[in-house]
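Let's walk through this structure together, looking at its core and its aromatic rings. Please have a look at the sequence and the model first.

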Amino acid sequence: MFKYIKPFILTFIAIIVIALSFCVIAYRLPSNNNNAKESLEIIANEGLYPKIGGIYALKQDNFTDGLMYNIAISGDSLSSLDGAMLNPVSYIDDTEYSYCDAAIHRLDNMSNISTWNYGRYWHGYLFPLKSLNLSFSLHGIRIINTILLWGLFLTCCILLYKIGGAKLSICFFVSILSVGFIIVPSCLQFCSCFYITFTAMICILCIPSISSNNLTGSLFFFIIGCATCYFDLLSTPALTLGFPLVTASMLDGNNTRFNKIIAKCVAWSIGYISLWATKWILATYITDYDFISDAFLAVENRSLYSIVSSENAFMFNATIAFIFIIMSIFAILSSYYIGLLRHHKPGPKYLLFISFIPILGYLIMLNHTIIHLWFAYRSISISIFCSLLFIFDDKLYSKMMKSKNEILINRR
């Protein structure tokens, strides 16, 4: 038993050291206030929630992007370690001002600034954000995100085409584009999970042992869970589990068993939760600020019903979220029924299981789903991918297994 657990313990220790080191380094990096102010002014001019083409599903989260820049410039007066643990946020005691406005006021050295601590997250994005801010404003960072994310996305499509053919590649292409991927590179808040998802899929497609070896695969998903916790601000974490899980399971072909899938899900969950809890404990111990209670209160607020603005607004959002979840379940089951009619026999049952991962996530974080459905809906792309794959015939899976075997033979 210890032989199986030991790699996870050693990996987790290494991840904590690396995570803490980069958080501290991020607060040692100098701030280019000119680029930061230009970026904040771009956000202020666009508005907090601009809609591309007036489409609700293409709404950007400039509010959180402004918060991210705010955190990046608000810890300069603290030591690097205290800044990395506390993650102070500047704010103005006036509800008319956003975090973006507060950050601009701070850069202008105005005196009406207070701070609160947002240390329950790791804020792993700070190192790449502050590094890029030294040379680029938000406009330049968006261009870089566009090049990198589309490059990773198309690389995944090409690798899937080589291993599974056009059907597999098209299914993936459609499932990602169907959830407004076109605006993702323009919003810092949305990028992290897509970077992790695409990178993980490329690793799985290029390293066959991840899908075939249970220990290696579980350890890899443990790392993905940790990375998601480190970089993401609870946008669409299910993406980093669902798409890599489908890819690994399909590559494993007839050797896929539910115990393997469950093991990967558990490993991802343990990685995600344990690294998150580690930040609460470390931050509380180092700063004497009770981040543990703060974190539990935040988890409760996001998982249970709480009235955010008014009862009418809450009921409206709750109704929309409920309808969305029911329609998602209906669409998944309908696609499986169509697949059964085409096959005249059940397809891979694990696809049905994986397709419900986003639904489970929505139900667990119910209040978060209700409030942020306009970007949380992107997790449903996992269900779309699984449903499309189920509809196609079994030749798709046999071709993937053949391609995988050829890769293994060529590497011997």
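Buried means under 20% relative accessible area, exposed means over 50%, and partly exposed lies in between (1.4 Å probe, protein chains only). The model is predicted, so local features need pLDDT of at least 70 and side-chain atom pairs count only at pLDDT 80 or more, while totals for chains, interfaces and linings use all residues. Residues are numbered from 1 along each chain as its sequence is written, and side-chain values use heavy atoms, with hydrogens and water left out.

Let's turn to the rings. Rings of Phe, Tyr and Trp (its six-membered ring) pair if their centres lie within 6.5 Å; planes under 30 degrees apart count as stacked, over 60 as edge-to-face and the rest as tilted. The structure holds 36 aromatic pairs. In one of them, Phe153 and Phe173 have ring centres 5.5 Å apart and planes at 15 degrees, so they are stacked. Phe153 belongs to helix α7 (residues 138-164) and Phe173 to helix α8 (residues 166-177), so this pair ties together parts 20 residues apart in sequence. Helices here are DSSP runs (H or I, at least four residues), numbered from the N terminus.

How accessible are these rings? Phe153 is buried at 0% relative accessible area, whereas Phe173, at 31%, is partly exposed. Phe153 also forms a tilted pair with Phe181, 5.2 Å centre to centre with 55 degrees between the planes. Phe181 lies in the loop between α8 and α9, so its pairing with Phe153 of helix α7 ties together parts 28 residues apart in sequence. Phe181 has 0% relative accessibility and therefore counts as buried.

Terms used: Helix = DSSP H or I, 4+ residues; strand = E, 2+ residues; numbered from the N terminus.
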